[in-house]
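Please read the points below alongside the sequence and the structure.

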Amino acid sequence: MTEDRLSRLGPLCAVLFFVLTMGGFAIGAAGGGASVTLGDSTAKVLKAYADPMGSGVWVGAYLTVISLAAFAVFVAWLFRSRRGPLSTAGMLAAATYVAMVLAASAVNFVLDYRAGHGMGSQTTLALFYLQEALFMLTWAASAAFLALAPVSGWLRYSARVLAGLCLVALAVPKAGWAQFPPTLFYVWMLVAGIVLARRRGIATSPVPQGGLA
């Protein structure tokens, strides 16, 4: 991808990441996907995987995986001209986020595939808690990315506040509100993509020439 094309698509990929991720969640939920968290009882977890999953669950899962490509392009654009250990750490945090989402998705694929097909309760719970552990690691990775993201102004301050909230949620993952800060990460990506795209448009717009006709 050329520098000019990356410059045009970079911020828009953050918006695409949000759309694909939220779309994946919505389609998966509409298709009967399991909506359980670490704070739910084992009985609720087992019930959530007692029946086969609909096709919408798979469509939603695939959209979530595809969204990572958009996230990677945005990160490459965001750090394109940055150097130094902090930028390297930010890139590593983003790469860790992608890796953890893929790992959690892989475990989730197994759970969804085996749901309603005689999977034992111990196997179900083991896979579920493994998936949740990997999902929680995405909270830490997203917090590190937000803390190191090379943005300015209120985007920078909001990123750091959200990073702190994600780390607090990581400390109390069973709390009812713990799912909220990680969800706000997707919203921050949407807003950042829109704001950075507008800033780029203003920076590259031609300056009107004064003078008499």
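The protein chain has seven helices and zero strands, where helices (H or I, at least four residues) and strands (E, at least two) are DSSP runs numbered from the N terminus. Its pattern along the sequence reads α-α-α-α-α-α-α. This is a predicted model, in which local features need pLDDT of at least 70, side-chain atom pairs count only at pLDDT 80 or more, and totals for chains, interfaces and linings use all residues. Residues are numbered from 1 along each chain as its sequence is written, and side-chain values use heavy atoms, with hydrogens and water left out.

**Dimensions and contacts**
- Taken along the principal axes, the C-alpha atoms fill a box of roughly 80 × 35 × 25 Å.
- Of contacts (heavy atoms within 4.5 Å) between residues at least 6 apart in sequence, 79% join residues at least 24 apart.

**Burial and surface**
- Of the 213 residues, 40% count as buried, meaning under 20% relative accessible area (1.4 Å probe, protein chains only).
- The accessible surface (Shrake-Rupley method, 1.4 Å probe) comes to about 11200 Å², and 68% of this surface belongs to carbon and sulfur atoms.

**Cavity**
- A cavity is a set of points, on a 1 Å grid over the protein atoms alone, where a 1.4 Å probe fits but cannot get out; lining residues have an atom within 4 Å of a point.
- The count comes to one cavity of 30 Å³ or more, and the largest cavity has a volume of about 30 Å³, a volume being the space filled by probe spheres set on the points, which are joined across faces, edges and corners.
- The lining of the largest cavity consists of Tyr97, Thr138, Trp139, Ser142, Pro182, Phe185 and Tyr186.
- The elements giving two or more residues to this lining are α5 (121-148) and α7 (180-204).
- By class, the lining residues are five nonpolar, two polar and no charged; Ala, Val, Leu, Ile, Met, Phe, Trp, Tyr, Cys and Pro count as nonpolar, Asp, Glu, Lys and Arg as charged, and the others, Gly among them, as polar.

Note on methods: On a 1 Å grid over the protein atoms alone, a cavity is a set of points where a 1.4 Å probe fits but cannot get out, and a pocket is an open set with protein on both sides within 12 Å along at least five of seven lines; lining residues have an atom within 4 Å of a point. Buried means under 20% relative accessible area, exposed over 50%, partly exposed in between (1.4 Å probe, protein chains only).
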